[in-house]
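Subject: Structure for you to look at

Hi,

Here is the structure I promised to pass on.

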Amino acid sequence: MIEYLGLFPEEIKQNMEQMGEKAFRAKQVFSWLHKGASFDEMTNLSVSLREKLKENGVDQPVSIQSVHESKLDGTKKFLFALRDGNCIEGVLMRYHYGCTLCVSTQVGCRMGCLFCASTLDGCVRNLTAAEILGQVMCANSTLPAGERVHNIVLMGSGEPFDNYDNVIRFLKLVSHPEGLNISLRHISLSTCGLIEKIRQFADENLPVTLSLSLHAPNDEIRKKIMPIAKRYSIRETIDACKYYLEKTGRRIVFEYALIDGVNADERQANELADLIRGMQCHVNLIPLNTVKERNLNGVSGKQVQAFLDTLEKRHISATRRREMGDDIEGACGQLRKKVLEEGKK
Ligand code: SAH
């Protein structure tokens, strides 16, 4: 079956020609799909074409299985169903400047970060470009008229650079002028640091913000919590980030989850400042969301503030990431994990 939502207009055009249809139909199909429509809703196409499309392929490959809405801040956590029975998560946050959707790029993840729930059962499979885009379609369908997803972060389950080609295709589709036309400048991609891919991504010339999950100021600590650190040193990782910065002109965001007794004291704040001093970057401090399967805990608000103060004294731009959806298993992989476990019972 062809996933039409994952095709560019030129590719749909080829498909139309193969089916003996007029080429201009491709634009119509593309535009309908990117409004979230099903084949049945494409009322300006002939019934016979709609039937052919249904025989050959799928329209919207993702559907909403459940929505959990936070009573604290209106954040919505989605459980999305895929056609093969797998499920993934997405989070929709509504800020005053518009809606931000966090999307998944894989079912599970194989990076093995100790503090992350997404990776507990490994990676089941990559998502296709259509399945990444389908999450945006679903989120849009829940918003009041006139409101749409405005910003996207690739920070759900999965390592985007472990599914490189589909992620690139997704980025090109979601920013397509005849589709959702979401500016690449409003998209952030978060990676644990596959450095060859960071360099390759820099060469794509897409003005996406690169977030690097650093979480440690030195290799010794990083190796304890992130297996990827055994493959690439922090030095090599920072060098790849600098290359990205040079190529795209976009500042790097370093993600740093504060873990009690591991990476959160003043010495480590200073070490972090030494590491990234002089670089055009921003540090996003995240109090760790406790994952009960692991014995790792977050820190108090006071400890976050102290870490922040040290970075500020050292003239490092840093903020504390607002925690949203804390009451709805907001962190990566937590909801899917909970649902899978409940299913087993
Ligand atoms: N694989 C990518 C993107 C997915 S994770 C990456 O590693 O960046 C998105 C962000 O959430 C990453 O910075 C990740 O390290 C962080 N994260 C994962 N589990 C977390 C937890 N329990 N508490 C706080 N942040 C967490």
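This is a predicted model: local features need pLDDT of at least 70, side-chain atom pairs count only at pLDDT 80 or more; totals for chains, interfaces and linings use all residues.

Residues are numbered from 1 along each chain as its sequence is written, and side-chain values use heavy atoms, with hydrogens and water left out.

Let's start with the rings. A pair of aromatic rings is described by the distance of the centres and the angle of the planes. Rings of Phe, Tyr and Trp (its six-membered ring) pair if their centres lie within 6.5 Å; planes under 30 degrees apart are stacked, over 60 edge-to-face, and the rest tilted. Searching the whole structure turns up six aromatic pairs. Phe78 and Phe80 make a stacked pair, because their ring centres are 5.2 Å apart and their planes are at 15 degrees. Phe78 is buried at 0% relative accessibility, and Phe80 is buried with a relative accessible area of 0% (buried means under 20% relative accessible area, with a 1.4 Å probe and protein chains only).

Tyr256 and Phe307 form a tilted pair, with centres 5.2 Å apart and planes at 35 degrees. Tyr256 is in strand β12 (residues 252-258) and Phe307 in helix α10 (residues 301-313), so this pair ties together parts that are 51 residues apart in sequence. Helices (H or I, at least four residues) and strands (E, at least two) are DSSP runs, numbered from the N terminus. Both Tyr256 and Phe307 are buried. Elsewhere, ring pairs link Phe161, Tyr164, Phe201 and Tyr244 into a cluster.

Now for the ligand. What surrounds the ligand, and which residues are closest? There are 18 residues around the ligand, and the closest are Phe115, Ser190, Ser213, His215 and Asn289. Ser190 has a polar side-chain atom 2.6 Å from an oxygen atom of the ligand, while Glu159 has a polar side-chain atom 3.1 Å from a ligand nitrogen atom. From Thr191, a backbone N or O atom lies 3.3 Å from an oxygen atom of the ligand.

Last stop: Gln135 lies in helix α4 (residues 129-141). Gln135 is buried, with a relative accessible area of 0%, and a polar atom of its side chain lies 3.2 Å from the backbone oxygen of Glu131.

Cheers

Key
Buried means under 20% relative accessible area, exposed over 50%, partly exposed in between (1.4 Å probe, protein chains only). A residue is near a molecule or strand if one of its heavy atoms lies within 4 Å of it. A polar contact is a pair of N or O atoms within 3.5 Å; within protein, one must be able to donate a hydrogen and the other to accept it, and residues adjacent in sequence count only if both atoms are side-chain atoms.
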